[in-house]
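Please keep the sequence and the three-dimensional view at hand while reading.

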Amino acid sequence: MNTVSLKDFIYLIPESFVLCLGILILILDLFTPVNIRRKHVLNISVLGLLLSLPLLVYAPPKGLILGDMVSIDTYAIFFKCIIVLSAVFALTMAKFYAPIKDEVIGEFSALVVFAVLGMMFMVSSSDLLMIFLSVEFVSIAFFILTGYIKNDPKSAEGALKYFLIGAFSAGIFVYGMSLVIISTGTSNLKAMSGILHAPAGYSPLFLTGFLLMLVGFGYKIAMVPFHTWAPDAYEGAPTPVTALLSAASKAAGFAVLLRVALAAVTGRADLVLALAVLSALTMTAGNLMALQQNNVKRLLAYSGIAHSGYILMGVVAACSGTEPELGITSVLLYAFVYMLMNIGVFAVIIAFFNKTGNDDMQSYSGISKSNPYLSLVLVVFLVSLAGIPPTAGFIGKFYVFSAIIKAGPKFLWLAIVGIMNSVVALYYYFRIAYFVYFGAQKDDGKVEITAGLAVIAGVTAGLALLVCIYPGPFISAAKVSVLIP
Amino acid sequence: MLLTLVTFIPLIGGLALLFVPKGKDDIVRGIATAAAAVALILSVIVLLGYDKSLAGMQFVEHRIWIPSLNVTYYLGVDGLSIAMLVLTTLLSLISVIYSYNITSRVKEYFFFFLLLETGMLGVFLALDFFLFYVFWEITLVPMYFLIGIWGGPRKEYAAIKFFLYTLFGSVIMLLGIIALYFASPSHTFNMLELAEQAPTFTKLFQNVIYAALFIGFAIKVPVFPFHTWLPDAHVEAPTAVSVILAGVLLKMGTYGMLRVSFSILPQAVLYFAMPLAVLAMINIIYGAYCAMAQKDLKKMIAYSSINHMGYVLLGMAAMTTAGLNGAIFQMFNHGIITGALFLLVGVIYDRAHTRDIEGFGGLGSIMPVYTGIMMVAVFASLGLPGLSGFWSEFMCFLGAFQVQNTWMKIITGLSAIGIVVTAAYFLIMIQKVFLGPANEKWKSLPEINRRELITVVPLIVIMVVLGFLPRIVMELSSKNVDSMVKMLGAIKP
């Protein structure tokens with residue numbers, strides 16, 4: 001085991017930078033007059049986060065540091081880029097999202113930056129203790145962010161549910177973790193993997209502990225049956241936070257889950273099967289419940305649950321055999337494309353919200369007649385979410401299904417469940433398109449789309465198409481980021 | 001470059017017209033027509049340059065697309081696809097011209113239409129399975145909007161039903177494609193390479209993959225019992241879209257079977273030949289009787305498509321030279337004839353705002369030109385000698401009857417019932433709509449106008465010309481069919 005040395009902090013420059021940024025924003029917030037806060041404080045946070053991207057990309061991956069607690073590998077860097085990018089998009093959206101008032105926008109940005117910091121540590125954690133600390137760090141930031149619109153009861157309700165279920169699952173997670181540590185004698189993933197793969201490595205105590213830990217992960221990635229917070233939190237939270245929750249928080253959750261699963265699940269047929277069953281349950285339940293929704297944010301929450309199920313297929317594929325590369329690549333790619341399309345769709349939703357004042361599908365009735373371009377962009381995202389080419393969603397889906405089919409005939413059933421689910425999903429995604437395009441026009445008011453939102457929607461839509469039309473670079477980026485277990 | 005141009009010119013036109021300022025609908029129509037016309041001209045250039053004496057791929061374009069998956073951008077034409085290429089560009093141009101009568105949301109309409117054309121062309125030209133699938137799915141989204149926005153009274157229902165049905169088929173196909181990819185020794189999506197590697201696939205594997213792909217293709221054709229989306233979609237779609245739907249989209253299914261199943265999964269094709277023949281028979285007879293039962297003119301034509309696609313399936317199930325040539329020819333002919341029939345139904349619907357067969361009468365004296373054209377199209381459809389439909393239907397039956405198998409002969413014999421019923425329902429329709437005393441209510445119906453004539457007459461000319469010179473189209477596919485029959489014959493036990 002490496003010992004902790006001060007030199008290790010060199011490899012944490014991006015994290016340190018983001019930490020300083022958060023503190024800077026808090027200080028700036030104190031000294032900036034309210035009327036220019038929205039403009040300046042937000043811009044500085046966005047700019048700062050953007051600056052951390054080159055730091056991330058160009059810093060050489062080092063491997064395990066800080067006494068094997070943190071792993072600076074390409075796998076983590078890939079997820080960190082997803083997280084930072086989604087935070088950049090979310091903060092830009094927040095600028096144009098009226099319910100977040102000028103007075104609180106400074107704290108809001110600081111909280112987002114701190115959440116990003118937590119998530120960056122989350123995806124790098126290679127020790128159960130570190131995982132727990134960073135997950136809690138992130139959760140606390142998100143509890144507050146979710147309830148940010150204080151006078152909106154829905155926001156408060158969402159935050160409270162998120163918090164209560166989060167607290168419970170954290171408790172169960174720690175309990176499971178303690179069992180795992182007792183049974184293996186270590187909290188370090190690498191050491192654990194070695195112990196588990198020795199003969200008689202899996203004790204009943206470990207299995208119990210691992211399943212309990214799965215509760216904690218399940219909560220983070222909105223896996224059925226630990227998903228119940230998601231619809232309320234997504235609906236109640238300010239839309240930029242919803243976007244961040246769905247894109248970054250979920251990606252981070254999957255990064256940790258996959259890292260742990262590769263160490264603890266690989267080669268254990270029963271645990272892999274458990275994950276496969278959870279995957280099937282998650283996508284089916286998510287899709288079936290999404291069918292009933294009229295609120296678009298709620299619908300996207302359920303659709304997000306279904307997408308978690310698809311990504312879990314990739315996790316299953318990664319853990320099921322001796323060749324995890326394709327499975328891991330599929331998880332990485334899916335997390336990326338899911339971030340793209342979700343951010344984009346939320347940007348359009350904010351633009352529509354600013355016009356209609358609510359997020360119900362019916363209020364979008366006939367909106368395409370006066371807003372043909374914005375509606376077309378929305379269609380791109382819907383098509384992508386449904387996994388139909390020529391969009392990023394298709395590439396993600398293709399990789400996940402490839403991975404599961406490559407895993408062999410024993411998971412063919414899961415592939416078929418997944419395929420059936422993607423047909424169901426089409427129906428509710430295109431219910432949104434139904435109202436936007438086929439509904440009777442209410443008034444011919446044009447949606448005033450601000451430049452910032454237009455840029456987000458345009459960039460993400462362009463990328464969503466590019467990932468399918470010219471996928472080479474994105475796939476290679478994911479491939480070099482594959483975690484070597 | 002030529003094939004890439006043909007494929008993407010419509011899309012470029014579609015993107016270009018998005019930039020036309022609001023209210024300039026005529027410019028939009030002009031751009032759309034120009035794009036479709038250029039595509040047609042380019043496809044005719046391909047046709048003229050196509051060497052019929054070769055069985056291999058021509059005008060090949062092969063570039064790396066996604067290296068890590070071994071996916072290539074691979075286009076080419078051969079005898080299976082050349083007729084479909086020209087059919088697609090021709091019907092697209094005709095449909096664009098017919099669509100001048102669309103007055104609401106013109107820009108979006110033509111954008112979706114041209115996007116659809118690119119998707120269809122890509123399906124017929126792609127030789128890489130991944131690329132094929134991408135184009136295959138690209139056709140879904142524009143079709144959904146074309147039916148859903150500009151369609152008839154139950155358009156939303158028809159649109160989503162079409163979308164869900166076909167997506168269901170294509171995602172199952174996707175699983176099959178991925179499985180083929182991993183099973184092939186060289187991990188490839190290249191269809192020709194996969195065909196060469198066909199002997200390495202086990203029988204069971206071939207059968208499973210065949211079944212998965214078949215669901216995707218059969219829904220498109222549509223083969224009974226996957227046909228229920230078709231009457232809804234055809235009836236609710238606007239006229240020009242019905243033309244494309246019946247004329248081109250259905251062919252994607254049978255083309256896919258020929259291109260993929262017949263060349264890559266020959267063992268399974270032999271194994272499933274008899275079931276396919278039975279399904280073909282059901283399509284023929286059931287489709288014909290359903291058409292006979294319809295009161296709605298458009299619905300009748302829609303069901304007649306099920307019936308006519310049955311001939312294609314029968315010819316394919318025969319796996320003889322005559323049968324396969326007939327099937328490909330019938331695909332082309334059905335596109336031309338049914339396309340014309342849908343246009344003609346559109347003409348009468350635009351005037352009378354009804355399609356009730358019982359409600360007309362004596363239109364022959366009111367609209368003589370229209371009636372004449374309709375008669376030709378109907379006779380071509382029911383297979384009257386001297387018109388194109390006769391040859392292809394004849395060859396499908398001939399090919400099926402040549403098979404040395406008693407059951408096949410019985411199936412072919414029974415299928416002949418379909419021809420009789422087809423003749424019956426078309427003649428009954430003619431009698432009710434065009435003959436008899438003129439219905440007072442329709443005395444003032446105007447005659448077919450110039451725009452409509454421009455769209456229909458070329459199709460009528462093709463029917464007549466091919467009625468006398470069927471070899472123009474038949475020659476195109478004969479070399480490929482020969483090699484396919486030889487290949488299938490070689491593995492026969």
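The model is predicted: local features need pLDDT of at least 70 and side-chain atom pairs count only at pLDDT 80 or more, while totals for chains, interfaces and linings use all residues. Residues are numbered from 1 along each chain as its sequence is written, and chains are lettered from A and ligands numbered from 1 in the order in which they are written.

**A helix pair in chain A**

Two packed helices are described by the angle between their axes and the distance between the axes. Helix 13 (residues 325–356) and helix 15 (residues 372–385) of chain A pack at about 145°, and their axes are 9 Å apart. Here the axes are lines fitted to C-alpha atoms over the stretch in contact, and angles run from 0 to 180 degrees between N-to-C directions. Helix 13 of chain A contributes A:Met341, A:Gly344, A:Val345, A:Val348 and A:Ala351 to the contact, and helix 15 of chain A contributes A:Leu374, A:Val377, A:Leu378, A:Phe381, A:Ser384 and A:Leu385. Two residues are in contact if their C-beta atoms, placed from the backbone, lie within 7 Å. By class, the residues of this contact are nine nonpolar, two polar and no charged. Nonpolar covers Ala, Val, Leu, Ile, Met, Phe, Trp, Tyr, Cys and Pro, charged covers Asp, Glu, Lys and Arg, and the others, Gly among them, are polar.

The table sets out overall values for each chain. A residue is buried if 20 or more other C-beta atoms lie within 10 Å of its own, exposed if 12 or fewer, and partly exposed in between, with C-beta atoms placed from the backbone.

| Chain | Secondary structure | C-alpha box along the principal axes | Buried residues |
|---|---|---|---|
| Chain A | 19 helices and two strands | roughly 70 × 55 × 40 Å | 61% of 485 residues |
| Chain B | 21 helices and two strands | roughly 70 × 60 × 40 Å | 62% of 493 residues |

The radius of gyration is taken over C-alpha atoms, and the globule rule is 2.2 Å times the number of residues to the power 0.38. Chain A has a radius of gyration of 21 Å, close to the 23 Å that the rule gives for 485 residues, so it is as compact as a globular protein of that length. Among contacts in chain A between residues at least 6 apart in sequence, 81% join residues at least 24 apart.

**Where the chains meet**

The contact between the chains takes 24 residues from chain A and 25 residues from chain B. Helix 5 (129–138), helix 6 (140–150) and helix 7 (155–183) of chain B each supply at least two residues to the side of chain B that touches chain A. Helix 7 of chain B gives the most, with 13 residues. That side of chain B has 20 nonpolar, two polar and three charged residues. Helix 6 of chain B is largely enclosed by the rest of the structure, because eleven of its eleven residues are buried.

Most residues other than glycine have a negative phi, and most peptide bonds are trans. The bond from A:Val224 to A:Pro225 is cis, with omega near 5°, and A:Pro225 is in the loop between helix 8 (204–220) and helix 9 (229–236) of chain A. In chain B, the bond from B:Val221 to B:Pro222 is cis, with omega near -10°. B:Pro222 is in the loop between helix 9 (203–220) and helix 10 (229–236) of chain B, and B:Pro222 counts as buried because it has 25 C-beta neighbours inside 10 Å.

Is B:Phe59 buried or exposed? B:Phe59 lies in strand 1 (residues 58–66) of chain B, has a positive phi near 55°, and counts as buried because of its 20 C-beta neighbours inside 10 Å. B:His353 also has a phi near 55°, but B:His353 counts as exposed, with 7 C-beta neighbours inside 10 Å.

Conventions: Helices (H or I, at least four residues) and strands (E, at least two) are DSSP runs, numbered from the N terminus.
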